[in-house]
Amino acid sequence: MKNLLFLVLISACWAEPHPGNSSLEHERIIHIQENGPRLLVVAEQAKIFSHRGGNVTLPCKFYHEHTSAAGSGTHKIRVKWTKLTYDYLKEVDVFVAMGHHRKSYGGYQGRVSLRESSENDASLVITDIKLEDYGRYKCEVIEGLEDDTAVVTLNLEGVVFPYSPRLGRYNLNFHEARRACAEQDSVMASFDQLYDAWRSGLDWCNAGWLSDGSVQYPITKPREPCGGRNTVPGVRNYGFWDKDKSRYDVFCFTSNFNGRFYYLIHPTKLTYDEAVQACLKDGSQIAKVGQIFAAWKLLGYDRCDAGWLADGSVRYPISRPRKRCSPSEAAVRFVGFPDKKHKLYGVYCFRAYN
């Protein structure tokens with residue numbers, strides 16, 4: 001037992017003279033030696049900004065504490081990228097690399113790779129960014145029994161807009177809300193996206209679903225129908241509701257597009273079906289709600305002519321407020337859901353680029 005204790009003490013610590021006075025041999029500094037240097041994973045930037053259709057690199061590098069070496073050489077390095085969900089309880093696999101083995105998952109297949117600009121570079125390259133790519137990503141590096149992680153947020157330039165269908169206010173459960181956004185060239189907005197939109201001036205009194213399953217709405221100008229005049233401006237939270245039974249509107253998010261959005265010059269006004277055919281004849285498709293919002297917000301599109309959109313609604317985008325055309329504010333003005341067979345309007349078309 002004494003021999004064992006002696007060996008433990010010898011392997012755990014040693015003594016050296018005090019640096020201030022080497023003659024004082026009775027002064028000792030005790031060093032605790034751990035089993036090798038500690039693995040550290042670092043993201044040089046916590047947030048990265050990009051846009052739909054672009055390419056982006058999510059930074060991640062790994063080191064060993066007290067050394068510049070990328071790895072110890074005794075174990076293979078395993079790099080794993082996952083996407084975090086809103087509650088951090090679930091993760092979506094994105095990419096895994098170990099040695100020469102590489103594997104991407106789901107909608108990321110064929111679009112992700114490691115940058116590997118150096119031995120310790122685990123940065124993730126994402127090409128042809130999609131709206132669904134927005135969110136928080138975790139870079140995990142594993143070497144033997146050691147591992148560490150870093151988190152990077154991918155933000156997309158875009159616009160949040162409220163949406164309700166022809167049926168009217170509060171008619172979508174969570175799943176229907178998700179489909180409604182997808183049909184309008186968008187995805188359900190996250191809380192962070194809605195919060196940023198509120199900070200930019202979005203004011204909307206109707207509560208809508210968000211991607212985390214909560215129901216919220218942004219108020220910049222408190223008033224009686226929206227919580228009262230004396231309430232504090234902010235994003236109001238209704239909490240989490242039954243995704244199948246509860247019904248609200250939805251907040252959607254869209255970004256720029258690879259195509260041309262335009263008002264079709266036509267000699268006459270059109271019914272809805274005539275508008276659809278007119279866009280097709282012009283080599284385009286009738287535009288979606290997400291596309292008119294993206295053109296208005298990101299491209300400054302401005303037109304005072306009301307036109308049909310794919311969901312049967314009639315809207316027009318105003319970037320320069322003026323008399324008879326949204327005199328008080330820049331906005332996508334909503335005319336309504338007119339009778340498709342009898343009401344006559346112009347039409348907005350969208351032509352995708354190859």
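Author: Here is a tour in questions and answers. This is a predicted model, in which local features need pLDDT of at least 70 and side-chain atom pairs count only at pLDDT 80 or more, while totals for chains, interfaces and linings use all residues. Residues are numbered from 1 along each chain as its sequence is written, and side-chain values use heavy atoms, with hydrogens and water left out.

Reader: How many helices and strands are there in the protein chain, and what makes a stretch a helix or a strand?

Author: The protein chain has five helices and 23 strands. Both are DSSP runs numbered from the N terminus: a helix is H or I with at least four residues, and a strand is E with at least two.

Reader: What makes Asp133 count as buried?

Author: Buried means under 20% relative accessible area, exposed over 50%, and partly exposed in between, using a 1.4 Å probe and protein chains only. Asp133 has 2% relative accessibility, so it counts as buried. Its place is the loop between S9 and strand S10 (135-143). Across the protein chain of 354 residues, 43% count as buried.

Reader: Why is the link between Asp133 and Arg111 called a polar contact?

Author: A polar contact is a pair of N or O atoms within 3.5 Å; within protein, one must be able to donate a hydrogen and the other to accept it, and residues adjacent in sequence count only if both atoms are side-chain atoms. The side chains of Asp133 and Arg111 make such a contact at 2.9 Å, so the distance falls within the 3.5 Å limit. A polar atom of the Asp133 side chain also lies 2.9 Å from the backbone nitrogen of Lys130.

Reader: Which residues is Asp133 in contact with, leaving aside its neighbours within four places in sequence?

Author: Contact means heavy atoms within 4.5 Å. With those neighbours left aside, Asp133 is in contact with Lys83, Tyr108, Arg111, Ile126, Asp128 and Leu154.

Reader: How do you know that Arg52 is buried?

Author: Arg52 has a relative accessible area of 17%, which puts it under the 20% limit, so it is buried. Arg52 is found in the loop between strand S2 (47-50) and S3. Its side chain makes a polar contact with the side chain of Asp185 at 3.1 Å. Arg52 and Asp133 are 81 residues apart along the chain, and their C-alpha atoms are separated by 8.8 Å.

Reader: And Lys138: is it buried or exposed?

Author: Lys138, found in strand S10, is buried, because its relative accessible area of 15% is under 20%. A polar contact of 2.8 Å joins its side chain to that of Glu91. Among the residues in contact with Lys138 are Lys80, Trp81, Thr82 and Leu84.

Reader: What makes S8 and S9 a pair?

Author: Two strands pair if DSSP finds at least two bridges between them. S8 and strand S9 (residues 124-126) have three bridges, so they meet that rule, and the pairing is antiparallel. The bridge partner of Ser113 in S9 is Val125. These strands belong to an open sheet of three strands with the order S3-S9-S8 and antiparallel pairing. Strand S3 (56-58) and strand S8 (112-114) each have a single partner strand, so they stand at the edges, with one side of each left without a neighbour in the sheet.

Reader: What makes S12 largely enclosed?

Author: Five of the six residues of S12 are buried, so S12 is largely enclosed by the rest of the structure. S12 also pairs with S17 in the antiparallel sense, over six bridges.

Reader: Why is helix H5 called mostly covered?

Author: Helix H5 (residues 289-299) has 11 residues, and eight of them are buried, so it is described as mostly covered. The buried residues include Val289, Phe293 and Trp296. The elements that the buried residues of H5 pack against include strand S12 (158-163), strand S17 (249-255) and strand S18 (259-263). Gly300 follows H5, and its phi is positive, near 70°.
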